[in-house]
Amino acid sequence: MFRPERSLSSSPGPRLDGAALALGASRLPLYSGAMHYWRAEPSRWEATLTELRHLGLPLVETYVPWDIHERAAGEFDFGESDPRLDLGAFLDTAERVGLYVFLRPGPHINAELTRFGIPERVIYDRACQAWSPRQNPVILGFPPQMFPVPSYVSHAFHEEVMRWFAALAPHVVPRLYPRGPVVLLQVDNEASFYFRNGPFDQDYHPDALVAWAEFLEEKYGDLSRLNEAHRRAYPSFREAFPPQRFLGQRAEDLVLYLDWAEFQERVITHSIARFREGMESLGMRGVPFVHNVPLGEGGLPLNLPALNEVVDIVGLDYYHAAREYPTIKRRSLYLSGSVELPYAPEMGVGAPPWFTPLSTQDSLFCALCALAFGVRGFNLYMAVDRDRWYGAPIDGRGTPRIEAGLWKHLLLALQRVGFADLKRRTPIALLIPREYARLSRVTHLLGPISPSTLEAMGGTPVDASREDSFGFEAPIQVLWWHHLATIAEALDRAGLPYAYVDSEAPLERLRRFSVVFAPTYEFVARARQQKLKELERLGVRVVYGPTQPTLDEEMKPHPFASLDEDSRQAFASAEEADRLIASLRSEFDLHCPFPTSPSVVESVVHEDAHGPRLLFVINPSGQAQRAKVTLPEAMLLDDLLHPEEIRATREAEIDLAPLSCRVFRLERDPLARHLHSQPPSPHSEPHRD
């Protein structure tokens, strides 16, 4: 169905083309489903893969488990002893049934495996382990068994990973497109310090301490400048030891901790880059590389735009019950605003048994809302059931369940409307200030119960941050989040589309917006303030505040170029935010597309060059709603997932079940327009919209 003609002489490697994958003259939508070959009998591979294809998925995704393939140090089984481990045969079978492959070889894969798929001998090698401030192994308490986690900086660990990649490469390289079906490769998995990501959990491994010294030397250039910034008297860069807990009391104390938070982000980004370079050096190259970010990304030591510079696709994982709608929406708006291709490498379908129970309706609602707010492609994880999992649309024997029909209907509808080529227009950006997010992390009070953990549980990354002001007018580490929340709520009330954008995103991304909201307090990163000034010069309205900053990220006075004083706002109340949004709406001719009532119901529009093409209508409440949607003209609304058409001239009435999302294909309707323009016959019933 999706297979282009192959020619070794003329077919280029796969490349990203908008939200699709270009393979020669064909474009492949990024919809895939997870199946773990080593957890299924080889005799069932072909039938199960065929069912995946019948579901409407052009790609199959699978992890490759290092621990299961490695029989002893340096000895690997790729089917020689156990046919279930014949990765090459599995990839060839996928190609034979007409599927492309998204391959995820780790080294960390999680997959609900003990030790996340890393061999026990590596996990228990002290040279490979992450170290705590007291130089103990960092232990992860995760089902089914606690284990010490590896260090992202350990050279010994990276050497072990290269041995794994070298063993894997002969089975993968000959099967990379165009010679074979592999069109996507993932580098590592859920890089977040193995979920032990409290600000001072790790890493104090000797190699990490060397990397910290190198980071400081690269950032500051000479020792005197570092000593001035940290307010210390280090004898050398190597003796500039990292903080082991937060002891800051004044603004000038914060620089050390902000550097530590930045360094932790750098550790992950550099490690992913190093893994990718290792894969490419062994011939695993020429296809786009992916990395996935777990739940709670707002509290992670992770920089999405920086990560997007070392891999081609950065995505978020989604495992949410329908009641978590605000979180689904916020995460999707952040992903769509901060990276080039918003993608869900794990769109949860079912869950492991130790998660909060998720139903098929939860998974469908989550997927539809993520698509509504900007996600352009996804991998159904899991599409095929296996041990330590429940709820996939295809069971472990390769037989489709009743729920498979719902996913098939959705996938065929997305392909029919060309969803990958549609856009959600967002003229307004809410800037996530990276330096303030770092401050929130390092002032976190709950230790191993990290900001990321709290956010994944439904909170926010600032919920447990201490509320000291450090000599500032107010606790910046808490207020920046509430500042943005006040604006987001006002925009929601006005029905105006927006996105969250990481402040590290390139200028080219930010200049696409008409209005950028940027929280600023007494200190601000020089690069961010310069970016805001450049946006203002380019004609973007930068709404900042409540403070005109005077200190840089080293807490030193800095002569910042002033932003337009008329654009400084305090947002002390919802009423003030509403008045500001109303004035910007008038100034920039911002419209609420397809307004809805009652206010609890939300609508989201996707369009192409010819205008609106798809309408999502969402009821996040626990009660059924009859929504009224105002239309710009007479239209036909064709429900993509249910056999219903609605013709309306000015207002459409739509019935919504509790916690539900309906999706309509939009067409101009000359018949409805004609009926509306004619006076009713005295012998006919009045026309009902």
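Modeller: Rings of Phe, Tyr and Trp (its six-membered ring) count as a pair if their centres lie within 6.5 Å; planes under 30 degrees apart are called stacked, over 60 edge-to-face, and the rest tilted. By this rule there are 36 aromatic pairs. The model is a predicted one, in which local features need pLDDT of at least 70 and side-chain atom pairs count only at pLDDT 80 or more, while totals for chains, interfaces and linings use all residues. Residues are numbered from 1 along each chain as its sequence is written, and side-chain values use heavy atoms, with hydrogens and water left out.

One of the pairs is that of F78 and W164, which is stacked, at 6.2 Å centre to centre with 10° between the planes. This pair links distant parts of the chain, 86 residues apart: F78 belongs to the loop between strand 7 (75-76) and helix 3 (87-96), and W164 to helix 5 (residues 155-172). Helices (H or I, at least four residues) and strands (E, at least two) are DSSP runs, numbered from the N terminus. F78 is buried, at a relative accessible area of 5%, and W164 is buried at 0%; buried means under 20% relative accessible area, with a 1.4 Å probe and protein chains only.

Y100 and Y177 form an edge-to-face pair, because their ring centres are 6.2 Å apart and their planes stand at 65°. Here too distant parts of the chain are linked, with Y100 in strand 8 (residues 100-104) and Y177 in the loop between helix 5 and strand 11 (182-186), 77 residues apart. Y100 is buried at 0% relative accessibility, and Y177 is buried at 4%.

Finally, Y63, Y319, F355, Y381 and W389 make up one aromatic cluster.

Note on methods. Buried < 20%, exposed > 50% of the residue type's maximum accessible area, 1.4 Å probe, protein only.
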